[in-house]
Protein chains: 2
Amino acid sequence: MAKTAAIVVIGNEILSGKVTDTNSPFLCRELRALGVDVRRIVVVPDDLAAIAEEVAACARTYDYVFTTGGVGPTHDDVTIAAVAHGLQRPLVVHPELQALFETHWADRPETLRRKMASVPAGTQLLLEPSLPIPVLQVDNVYIFPGIPQLLQRKFAAIKERFRESPYWGREVYVTVPESSIAHLLEALLAEFPELQLGSYPQLGHPDYRVKLTLESKDPDYVARACARLLALLPPSCVARVE
Amino acid sequence: MAKTAAIVVIGNEILSGKVTDTNSPFLCRELRALGVDVRRIVVVPDDLAAIAEEVAACARTYDYVFTTGGVGPTHDDVTIAAVAHGLQRPLVVHPELQALFETHWADRPETLRRKMASVPAGTQLLLEPSLPIPVLQVDNVYIFPGIPQLLQRKFAAIKERFRESPYWGREVYVTVPESSIAHLLEALLAEFPELQLGSYPQLGHPDYRVKLTLESKDPDYVARACARLLALLPPSCVARVE
């Protein structure tokens, strides 16, 4: 079984349509390529109780939880306090973080430095050589900033720890509508119940109408399922196989 | 109080990173412009139990729930059955939908037509003149397709029913980091506790470092809060106001 993950995106700016979330699409692509199965994405407002409830539920249910956003110094940055609340841990000043912010933010108010150095008790700092500020890990929760460039840099620095056996996939493009092949897809799944089979109609594409995706962690299983699908489909309706 | 909404996005293709969800950003922008407050977005897999649980929870908590995806004829299209399950209603064949599919899909298998005409008991068809297939409404749940062109067309046809008093906003762009103005934002919120105040750092922008957004349904409140913010900020750090 693949490890599972949830992504909790924090930010009023996403919900009000001012900013389009690019972090969860990035994490979905990266985690899939690492062999991890993302099972849930949730966007919640900058609200301590809402974040805490969602993080707590996801931490119980999935192997990994990734949060993005709400980690800065302003009034709307409540993610770290919310993770502490959700995981029922006190917020404590972390000596290494305190030292970091004493250096970087020497001219800022003491209350701000203290806020930035306060994390849930038991937090581990994932301090890779390439990162000036570490990724925070509390149990199975990994806390990332919302700024895409920073999130991407931080994820790249720690991603190898999540790698497992990859997914293998084939894509079959067909020229007929979904409704005329639905029964063939049912038949394929009856023979290959473990197959991850997707059927995606595309409007206005010149050379196909539906993209079928076949995936599994077993490359032989995918190859056999794909061969069987091509035997089930009328050859004239297959535009291409990739 | 603004009406609240949740968006439930259904689709393995989003979670596996194969497709980027453009429907929830579209709905967030549209609903904000209509004066509706989106409070939650959730992406769940093509799994009946997961969809049912999320739809039921959102229908209890928010004024409106919008689902996208999983309404076609194939094995992975389980949204409508899941909404029925979540709202504890039987799936029943709707005579008007049955007649529509008898016409449009005369050459398709009877089992498929029956699947497409089966909806939760009590479903209303929102059949605008511009739509060949209606939007389905069950209680406060509105069911949309996942194909962006179809979703946008269907939403445009029914959106006026959601309109209420608009949000009013100002944007202030500042040239200093968030950490040096955090205490001023706290002071502003102490005076204007109902203000929706966002603080968004931007990396690598040539003429500002932080975008501040001030919003409310009361235009006078926003104007007064903006004037107060500009009095609190050192004038040299304000790049522009919009």
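Strand β9 (residues 168-174) of chain A runs antiparallel to β12(A), and three bridges join the two. This is a predicted model. Chains A and B are related by a rotation of 180°.

- A:Val172 has A:Val241 as its bridge partner in β12(A).
- The sheet is open and has four strands, in the order β10-β11-β9-β12, with antiparallel pairing.
- β10 (196-201) and β12 (238-241) of chain A are the edge strands. Each has a single partner strand, so one side of each lacks a neighbour in the sheet.
- On average, neighbouring strands of this sheet are turned by 20° against each other, direction ignored.
- Helix α8 (residues 182-191) of chain A packs on the sheet. Helix α8 touches β10 and β11 (210-216) of chain A. The direction of α8 makes about 170° with that of β10(A).

**Helix α4 in chain A**
- Helix α4 spans residues 79-86 of chain A and is mostly covered. Six of its eight residues are buried.
- The buried residues of α4(A) are A:Thr79, A:Ile80, A:Ala82, A:Val83, A:Ala84 and A:Gly86.
- A:Gln88 follows α4(A) and has a positive phi, near 55°.

- In soluble globular proteins, nonpolar side chains tend to be buried together.
- B:Leu97 touches B:Met116, B:Ala117, B:Val119, B:Leu125, B:Pro134 and B:Leu136. That list does not count residues up to four places away in sequence.

**Relation of the two chains**
- A rotation of 180°, with 0.0 Å of shift along its axis, superposes chain B on chain A. The RMSD is 0.0 Å.
- That is the relation of a two-fold axis.
- B:Val42 has the C-alpha nearest the axis in chain B, 2.2 Å from it.
- 100% of the interface residues of chain B are also interface residues in chain A, so the copies meet through the same surface.

Terms used: Residues are numbered from 1 along each chain as its sequence is written. Chains are lettered from A and ligands numbered from 1 in the order in which they are written. This is a predicted model: local features need pLDDT of at least 70, side-chain atom pairs count only at pLDDT 80 or more; totals for chains, interfaces and linings use all residues. Side-chain values use heavy atoms; hydrogens and water are left out. Copies are superposed by least squares on the C-alpha atoms of residues with pLDDT of at least 70 in both. Contact means heavy atoms within 4.5 Å. Two strands pair if DSSP finds at least two bridges between them. Axes are lines fitted to C-alpha atoms, for helices over the stretch in contact, and angles run from 0 to 180 degrees between N-to-C directions. Buried means under 20% relative accessible area, exposed over 50%, partly exposed in between (1.4 Å probe, protein chains only).
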